[in-house]
Amino acid sequence: MIYQGKKKIWADYQKEIPDDHWFYVRSCIRQNFFPGSEFMFLEICKNVLGKDFFETEHHTTCGGIAYHCDTIPQETVMTIVARQFALMTEAGYENYVASCITSFGNYLEILQTWEEFPELETKIRELLWKSCRREFKKPKYIAHASDLIFKYRNEIAEKARFRLVNRKTGEPLKVVEHIGCHYAKMFPSKGVGGAEYPYVLCGMIESWGGNVIDYPERRHCCGYGFRQYHVKANRGYSLSNTYKKFESMEPYHPDMIITNCPGCPYFLDRWQYVISEMEGKTYGENGYGIPVFTYEEVAGLVLGYDPWDLGLQLHQVAVEPLLDKIGIEYSPEEKYKGLDKKDILRPELPGILKCC
Amino acid sequence: MMDFGFRISPSSAVNMDDVDFELFERLCEIEPDARKCMACGSCSATCPASAFSGMSLRKVLHCLQRGKEKEAVRMLRNCMLCGKCTMVCPRGINTRHLILSICKIYKED
């Protein structure tokens, strides 16, 4: 599709995102996989941009993983979500922002179900009252955290210390953007740019100086897909999905991948090691892989935060070649030092995939 | 190479530009019903041979339209021409005759 055509589609799918006062809920798995991401989101929104974000330690999972693994019924998920909405109501907020793509899709699906089956909403209100004596108001607006970084992208660009540009050649970096399936594939009108050509990450990349790569399997799933990965017998299917994506993007020589989903960066990152061990193949330059980032990590990098404070040492694929390309300073000695400067131990190096 | 207990599946991608549709077009000339199939799978569900041989007329037509002729013909070897698929086809396709025509065009006895 020609670029002007995409611009038109993107213009049809723009969202009016409220500017301030958000109730923030974290993801179940992101804090384990990429622990710097959610910290950096709050750091940027609260301290760099001065916005009002509230989070509570009382919120739980949204139940999305169990729901998509077919282990709990939808009414249970709805009651869990109703409790989250009750926490938001009690805190005095009306705008709800989720860190996780699956949670975002889950909330939208549940609100749409209540719209079409109001008797179900009444039932869930009763269940919530019986189980924990809480009541809730439905949020006025539900956003994914990447929607907000998209909204603030130009403010971030103004404050940025670095741009997604090769320091030596002056060329924009070639960036692959990967959007989580539950972001807009279920409800295209709720995602920035719709389902076919989501603009949420493209907007960030363009504002921060990079060049977006269009490749054949761009909208393909990363391969996580819950039941594909969680059932070991299906795990080859998960890996094959990722392999297909990498084979498709390889001819375009991407410098980095940016994602906005909890599972995608994990699988695009870790499966590169598995593919290298199985097929003896690596996709980056000189035997390295293609580094995979969350959008908060990239926002943190362009704003000049220390890469090791962003948790980039927990990535499987080495990020140092990319940091060198952009010109971001880092200390190799500090890589495996914790916040208290104690050694957090070094991982064993893989056989084929080159790491620093 | 390391054994993780699972493997990468071979690619099932078909490059349609490389597929020769000459035989399929000839089939459609003498059996226009071949294009009427909506792949509902009723024929496969009722096929007494499918459970133990993998025979599926739905898959056969699918394979022929993707240039996998050998696979299609291999499946048809298990057909007993009982005609149950003809009785259940919601599009009224004479599947028994269609199978015979496929065998004739793709040179299978």
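**Close-up views of a predicted two-chain model**

**View 1. Surroundings of Val81(A) in the predicted model.** Leaving out residues up to four places away in sequence, Val81(A) touches Cys62(A), Gly63(A), Asn106(A), Tyr107(A) and Ile110(A). The model shown here and in the following views is a predicted one. Val81(A) belongs to helix H5 of chain A. With 25 other C-beta atoms within 10 Å, against the 20 or more required, Val81(A) counts as buried. A separation of 33 Å lies between the C-alpha atoms of Val81(A) and Asn154(A), which are 73 residues apart along the chain.

**View 2. The nonpolar cores.** The largest nonpolar core holds 92 residues, of which Val81(A), Val97(A) and Ile258(A) touch the most other members. Helix H5 (residues 74–91) of chain A is the element that gives the most to this core, contributing nine residues. A separate, second core has 18 residues, among them Phe24(B), Cys43(B), Leu57(B) and Leu98(B). In soluble globular proteins, nonpolar side chains tend to be buried together. Apart from its neighbours within four places in sequence, Val97(A) is in contact with Trp22(A), Phe23(A), Tyr24(A), Ala143(A), Ala145(A) and Leu148(A).

**View 3. Helix H11 of chain A and its packing partners.** Helix H11 (residues 200–207) of chain A is largely enclosed by the rest of the structure, because seven of its eight residues are buried. These buried residues are Val200(A), Leu201(A), Cys202(A), Gly203(A), Met204(A), Ile205(A) and Ser207(A). H11(A) is followed by Gly209(A), which has a positive phi, near 100°.

**View 4. The open sheet of chain A.** Four strands of chain A form an open sheet with parallel pairing, in the order E6-E5-E7-E8. E6 and strand E8 (292–294) of chain A stand at the edges with a single partner strand each, so one side of each is left without a neighbour in the sheet. E5(A) and E7(A) are joined in the parallel sense by four bridges. Opposite Glu177(A) stands Ile258(A) in E7(A). Across E7 and E8 of chain A lies H15(A), which runs at about 90° to E8(A).

**View 5. Contacts between chains A and B.** Eleven residues of chain A are in contact with eight residues of chain B. On the chain B side, the touching residues comprise five nonpolar, two polar and one charged.

Notes. Residues are numbered from 1 along each chain as its sequence is written. Chains are lettered from A and ligands numbered from 1 in the order in which they are written. This is a predicted model: local features need pLDDT of at least 70, side-chain atom pairs count only at pLDDT 80 or more; totals for chains, interfaces and linings use all residues. Two residues are in contact if their C-beta atoms, placed from the backbone, lie within 7 Å. Ala, Val, Leu, Ile, Met, Phe, Trp, Tyr, Cys and Pro count as nonpolar, Asp, Glu, Lys and Arg as charged, and the others, Gly among them, as polar. A nonpolar core is a set of buried Ala, Val, Leu, Ile, Met, Phe, Trp, Tyr and Cys residues joined through C-beta atoms within 7 Å. A residue is buried if 20 or more other C-beta atoms lie within 10 Å of its own, exposed if 12 or fewer, and partly exposed in between; C-beta atoms are placed from the backbone. Helices (H or I, at least four residues) and strands (E, at least two) are DSSP runs, numbered from the N terminus. Two strands pair if DSSP finds at least two bridges between them. Axes are lines fitted to C-alpha atoms, for helices over the stretch in contact, and angles run from 0 to 180 degrees between N-to-C directions.
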